[in-house]
Structures are given as structure tokens and as C-alpha cells.
Amino acid sequence: MISSVPTPDPPKPDPPTSGFPKPEHLGANVRLFSILLDQLNRLGLRHVVLAPGSRSTPLAVALAHSHLSVSVCLDERAAAFFACGVARRGGEPVMVVTTSGTASLELVPALAEASLSGVPLLVVTADRPTRLKGVSAPQTLDQVQVMASFVRASISLEFAASLTSRDLSSVALQLMTELRGSPNGPGPVQLNVGIEEPLLGAPIGQVDQEGATVFSEGMKLRRPLTPRLGSLDAEVVGEIFRPGRFGWLVFGGVGDGSDGSIQAATELANQLGWVFAVDARTKVARQGATVIHLDLLTRGSIPIPEIVVVIGDFPLARSTMGALRRVVEAGGEVVTLGDRFVVRDPGRFVTGGYVVDVAATLRSALTQNSAVLAEPLVTPEGTQLLALDQHIDRTLEDVTQAEPDSEIAVARRLYGLLRSDEALFSSASMPIRYLDQFRGYHVDPPLVAMNRGANGIDGVISTYLGFAHAQPQQLTALLVGDLAALYDVSALIHLPLPTKGLIVVLDNQGGLIFDQVPPASSISADVQTAFFVTPPRISPASLLEGMGLNVVRIANAEDLDVLVKRARDGEFLIAVLEGTRAASHAALGSLYAQIDGQLIKEQPNP
Ligand SMILES: Cc1ncc(C[n+]2csc(CCOP(=O)(O)OP(=O)(O)O)c2C)c(N)n1
């Protein structure tokens, strides 16, 4: 289907019948791209985002006649982030198509995000043919080099009559292989296509019958190379998950753990008396041994484990990173397990890492230990941390009940209201910190996601819209700061809007994060405001209202209840909490003081 305006699912126009030739007869270039699309579709491509242009004409025409789902977006930066969002939610590769020149360069921020967070984004950039490179031909620049450090692979093709459907089938296979399973795991890939004039290509019939005119009907489906990982060696598993020592299993950004890793980690932590700690982006209902406030717990002097096994992303919080460093300084281990050949050691203290099938490794540890353990172990450290975690949650509940108009209360309530079939996208900065630190226990939690690869505040709304587009039947919400919202507000002009959507803007008049980072205390208030916080000239609520969107100013967290229900019933709403930086900063300060007080009170005397 085609969506060129911000509506969820505009109808696909009927393919031209009388008066127009069929797409495969429009010209050789259209036919070539149709063959490639067909092959990619057979290998799993379903969705394409197109940014209009001239050099890309045959690609657009082929798309218009394809049976793929196509969204159209003028702004290439937004188009690429949108595609990233669709791919992130759906797990399958998504293609974004641009014309030549600066249009192609606009893809770079989303490519960086896709590269760092392992999203299979296929960027197709139309280009002038090679013979017109370096001779000042208009709208011609190096579109390949600029993307080189972010793509897993880059393929350059010239559309020419000598290309056969067999070649294109092989190119499709190569693209899918790189998108899905190159050694560094899924990630972005570029296809740069040089296109000669006439743009639609030579009239069909005049081209070589052995070449482009051979359509892909009946071609046998081939399979992309797929890396297969196994479990870690039994001996090493036995050494890492040795009963009798205290450890933490720390999961970051693992999603719903559909590979079974979350389930296995829950059971393993329970079996060994370890702590299983998860961030907001790891979807685990509170079961037995799960700690959700590790970032707050590590602010106090809690018992440090002998070993920490980190799966996925490392924590954002300085307090937790400090605690992990102390583990190593005390002679313990911090070990990473992951399914991609990527170095994960942001604090430069990791003592070992393995690229393995994580779920299989955790299950193998469970099996080994169940042979030697008659019943689950109980450790005093594990018991203490779980009790503290629950204590912190009660404090958070009391504080947010008492101050329901705070950003913390709004973030906590939004998370609490959403269900496991729904999703919450978050911007970087304070929104994800609120969710990581203050979200509260949830027996049926939503999927939480963000652009964590590069932590950009650009493209947040676009990615959210793509994330929502991939699951139109379920409500998808966004929690976003005022600057991140304004940065990408044009996405709401160009991209399809969700059928069931809720954007919650925390308008604290600038970047609150800059008050929370250590340099803030040494910078004068004037410089801090003008050079870092940058309060916007326009309030997001008025701007969004002016754009004709359905904006609701909320006064407190409870106002979200009815908005979530309305959005769930099929509306797209924007809720704005208008406050001040000073108030939010003060609320955070007093909450941290209370929690730190609790942690000290709860500690046994040394
Ligand atoms: C593209 C990009 N530019 C700049 C930054 C640096 N940065 C990080 S957070 C932030 C301010 C965010 O403000 P807002 O969205 O209002 O969230 P708040 O800090 O108030 O939670 C900026 C400018 C970034 N991460 N990405």
C-alpha cells in the first residue's frame, strides 16, 4: 500500500491498466528494480520507505507497482529513522530509497543508529552512472564513502542491459546475508544504483533477451548464509555459573527475550540465589528473583558480587557502572555474553566475553547445576538486595502518589498503564532514565525501546512512528522530552500517523539532563541556560496544536488513564505535561535524597 500523507493506511492506487504499459514493459530500469524487489521480497522484505526524487524514478515506479508495503516521506532523515523503527519492531529488514545528492546524505544519522544497535536497514541510493562522476554533473557526489563506516556492506550496481535476473537474484541474496547475519550481527547495508537516462531505461524489447528481459518467475529460492551459534563449552559454563558464589545477571535492552534467554535467566538466578537485574528495555514481569532498581541500589553501599554476567547493553547509570568497576577492583569478574561479534566494554573493565547462543548457554548452566543442587540456593546478599528493591519501589509509589504532577509520576504511570501487547518508545535524555530508574513492578509490562545505539535526540518521533506502524493493531506510546520532540516535529507532517498512538511530551523548557550531569555544578546559571539547556522559543503544545494535532495538556499522572484508553480505542493523541526545569530538578533531588536515606537506613552496621 502507498502512504504519501500522514494517514495510517491509504489505499494503494489501482495499477494503471488501459493507456499505460505494465510495469515490466515501462523500461529496462524499472524491470531491473522490479526483479530485485521480487527477489528481496521472497527473502523476507515486506516494507519500503521512499523519499521522492528524480534520479530514483525507475525505483519509485517499480515500487508503485509492487505488492510491497510502501510509505512515502519527503524528508529522507525522517524516512530512514521511520524505516529503522519499522525494522526494530518487526525484526525483518526494511528498505529506504532516496534520490541522488544530499538526499542520500540525510540517511547518515539513522544509519549510525542502525549500525550501533544492529537494525537491518537497507538503504538504496539512486546515483548518476559512473561515467558522470567527477565531472561536475549536477546533484552528483560521493554517496558511498560517506556511509562506509556505518554499513555492514556496500554494493554498487549500474543498471545496464547486461544485468540478468540471475545476477539480481544473487545481489538480493548477498544483501539479505549482510543485513541479517554478517559477523557483527544484523545491521545496515547500502545499495548504490547508477542510473542512465532515459531514467525508465531502454524500451523493453530493445534489450538483450538473455539479459534484463528475463523475468524472475520460477527462479528457485536460495537461502542467505546464516551464522549459527552454539552454547558455551560446558566447562566454561560450569566455571562462570558455579554454585556457592554470589553473582549478578544483568540484562540491558534485551527486548522480549523471545529466544528464551529471559526465562532461563530468571530460573538460573533463582537456582543460584543470584540477582537477576533488568533495565526497562528488557521485558520481564516481576517473577521471584528480579531486581528492577539496580541503578538506585548501586547508589548505596550494597554487597558487591564476585561475578557479574552482562547480557546486552551495559547500564546507562554511573552508579551501576561504578559498582561493576568495583567488582573487578575487588578481584571479581565482569563477563559479557552476546550473540554478536561486538566488543562491549564501555567502562574498560570487562574481564572476559563470549559470542554464543545466550539462551542455550543459560539453559546449559541450569541443567549442569540441577544435577548437583537438590534445591535452589538462598544467598543472604540476594535476599537483602531483593528486599531493598521492594523497599525502594514502595518509596517510589508513596512519592509519586504524593506528587502526581511530577515528570517521574507521569513516566511511571504511563509505563504502568501499558500492557504486554503494547509498546513504549522513549527518547534519550531523562525519559529513558525515568523508565530505567522509576518504572515500578509490572506483571504484564509493555515492550520498551529507544534509539540506544547512538543516543541521538534526532529522529525520535520518526522512529516512534515507524515502530508504531509495524504493529498498527496495538497501542504504541512515546515518552519524549520537549527538545527531542521539537527537533523532529516535522516527522508529524511527512510520515504516516499511528491508528492507536499516544505521545507524551515532558515539557520542562529545555534539556533537563544538563542539570543532572556533574559539570552543571561548576557552570554559571546563565551559561548553563544559554549554552546547554537552550529553552525553546515555542512551546511544543502550541506548535502541535497549530499543526492541527489532537493535543491535551495534562496536569498530573492520573490524566493519562483516560488518554491511554482513548488511544487504545483508536485515537492518536499528544499529551503535554508543562512544567519547569527547576521543579523537575527539585523533584528528582528530593527523591534521590529519600532513596539514599532509605539505603543507608537499611544497611547493616559495618
Ligand atoms: C542529535 C543530538 N544532538 C544533541 C544531543 C545532545 N543532547 C542530549 S540530551 C539533549 C537535550 C534533550 O532535551 P529534552 O529532549 O528536552 O529532554 P530532557 O533533557 O529535558 O529530558 C541534548 C541536546 C544528542 N544526544 N543528539
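The legends below describe several close-up views of one predicted model.

In this model, local features are given where the pLDDT is at least 70 and side-chain atom pairs count only at pLDDT 80 or more, while totals for chains, interfaces and linings use all residues. Residues are numbered from 1 along each chain as its sequence is written.

**View 1. Confidence along the chain.** The chain averages a pLDDT of 91, where pLDDT is the predictor's confidence in each residue, from 0 to 100, and 92% of the residues score at least 70. Over residues 1-10 the pLDDT stays under 50, and the model has 32 contacts for them beyond four places in sequence; two residues are in contact if their C-beta atoms, placed from the backbone, lie within 7 Å. The pLDDT is also below 50 over residues 208-216, a stretch with 24 contacts in the model beyond near neighbours in sequence. Where pLDDT is low, the predicted coordinates should not be read in detail.

**View 2. The crossing of helices α4 and α6.** Helices (H or I, at least four residues) and strands (E, at least two) are DSSP runs, numbered from the N terminus. The axes of α4 (residues 76-90) and α6 (residues 108-117) come within 8 Å and cross at roughly 20°; axes are lines fitted to C-alpha atoms, for helices over the stretch in contact, and angles run from 0 to 180 degrees between N-to-C directions. The two helices α4 and α6 are therefore roughly parallel to each other, since angles under 35 degrees count as roughly parallel, over 145 as roughly antiparallel, 65 to 115 as roughly perpendicular and the rest as oblique. Arg77, Ala80, Phe81 and Cys84 of α4 make the contact with Pro109, Ala110, Leu111, Glu113 and Ala114 of α6. By class, this contact of α4 with α6 has 7 nonpolar, no polar and 2 charged residues, where Ala, Val, Leu, Ile, Met, Phe, Trp, Tyr, Cys and Pro count as nonpolar, Asp, Glu, Lys and Arg as charged, and the others, Gly among them, as polar.

**View 3. The crossing of helices α2 and α7.** The axes of α2 (residues 28-42) and α7 (residues 165-181) come within 9 Å and cross at roughly 45°, which makes α2 oblique to α7. On the α2 side, Leu32, Ile35, Leu36, Gln39 and Leu40 meet Ser165, Leu168, Ser169, Val171, Ala172, Leu175 and Met176 in α7. By class, the contact of α2 with α7 has 9 nonpolar, 3 polar and no charged residues.

**View 4. The shell around the ligand.** Of the 17 residues around the ligand, Met430, Gly481, Leu483, Ala484 and Gly511 come nearest, a residue being near a molecule or strand if its C-beta atom, placed from the backbone, lies within 6 Å of it. At least two residues of the shell are supplied by each of α15 (430-438) and α17 (482-487), and the largest share, 3 residues, comes from α17. The shell divides into 8 nonpolar, 7 polar and 2 charged residues.

**View 5. Backbone details in two loops.** Most residues other than glycine have a negative phi, and most peptide bonds are trans. The peptide bond from Glu197 to Pro198, however, is cis, with omega near 0°, and Pro198 lies in the loop between β7 (189-194) and α8 (234-240). Gln139, although not a glycine, has a positive phi of about 55°, and its place is in the loop between β5 (121-127) and β6 (153-158).
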